[in-house]
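Here's a quick briefing to read with the model open in your viewer. Have a look around first, then come back for the notes.

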Amino acid sequence: PREMVFDGTLHETYAGIAESSELVTLRIHTFVTLDAGSDILKIRTELDNIAKDFRLRLAIPTGMKGGYFISQSGTILTRTPGRENGSLSDHFIESERVGKNFDGLLGKRDDQGGIALLSAGGLHEAGGIPGAEGELFVTLLRAFRRTVQTNGEIDGQLNKHLVWNYALRCFPAETTDNALFTDMQNLRAPLSYYQLPARKIQKTVCDRSFLELKGN
């Protein structure tokens with residue numbers, strides 16, 4: 001559907017809210033890069049968004065049962081797929097969400113190894129569901145017109161060209177959480193390197209500093 005429609009009055013209400021009868025096609029382009037000798041699959045996903053009032057999620061089937069790990073400020077947590085409190089909150093005004101906040105690292109592992117998603121930035125909500133596929137879900141965008149106690153959101157529908165950069169790494173069982181977190185940091189701020197012809201490489205040690213302080 002192109003967007004959510006209301007009851008036909010001049011003012012938005014939540015009475016009669018429904019999906020529009022008009023449909024649009026979202027064309028999602030994904031570019032995958034694998035460097036020689038690397039176990040990290042770099043991915044760029046692009047979308048020219050022409051729809052409104054929806055959420056777009058990336059599904060990652062892992063084939064692994066059990067909990068998943070997720071990074072938050074200063075720590076890495078293990079979470080239970082689905083709602084951690086089961087059906088306890090089904091009748092609450094705000095029920096527990098399957099997707100919860102994270103700051104860039106998400107994955108699953110077992111005694112054979114695992115798979116991790118590394119975000120270069122802009123991904124903040126993820127979760128897992130129980131089942132044989134062991135799927136993880138990452139929210140790419142939420143397009144909305146307003147939130148509580150506001151008159152509207154500037155550009156909240158995100159009707160523009162959108163780009164996400166992230167990576168997937170398949171890792172052996174001995175890989176530590178710290179190593180995966182470092183991979184994420186390197187994705188966000190890669191080390192700079194330059195290649196020069198051998199004939200241009202200076203063979204001797206430089207005898208003076210590249211930096212000088214002069215004057216007062």
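The notes below cover the nonpolar cores and a few loop residues. Keep in mind that this is a predicted model. Its largest nonpolar core has 22 residues, and β12 (136-143) is one of the strands giving it two or more.

**Nonpolar cores**

- Inside the largest core, the residues with the most contacts are L106, L123, V138, L141 and W164.
- Two or more residues of this core come from each of β4 (40-48), β5 (54-60), β6 (68-72), β12 (136-143) and β13 (161-172).
- Once residues up to four places away in sequence are set aside, W164 touches I43, R44, T45, L47, L56, L123, L140 and L141.
- There's another core apart from that one, with nine residues, including L105, A116, L118 and A167.
- As background, nonpolar side chains tend to be buried together in soluble globular proteins.

**A buried serine in a loop**

- S89 sits in the loop between β7 (75-79) and β8 (100-101).
- Its relative accessible area is 6%, so S89 counts as buried.
- Ignoring neighbours within four places in sequence, S89 is in contact with S95 and E96.

- Most residues other than glycine have a negative phi, so the next two are worth a look.
- D53, in the loop between β4 and β5, has a positive phi near 60 degrees.
- D53 is also buried, because its relative accessibility is 18% and the cut-off is under 20%.
- L158, in the loop between β12 and β13, has a positive phi of about 55 degrees.

Definitions and conventions: Residues are numbered from 1 along each chain as its sequence is written. This is a predicted model: local features need pLDDT of at least 70, side-chain atom pairs count only at pLDDT 80 or more; totals for chains, interfaces and linings use all residues. Side-chain values use heavy atoms; hydrogens and water are left out. A nonpolar core is a set of buried Ala, Val, Leu, Ile, Met, Phe, Trp, Tyr and Cys residues joined through side-chain atoms within 4.5 Å. Buried means under 20% relative accessible area, exposed over 50%, partly exposed in between (1.4 Å probe, protein chains only). Helices (H or I, at least four residues) and strands (E, at least two) are DSSP runs, numbered from the N terminus. Contact means heavy atoms within 4.5 Å.
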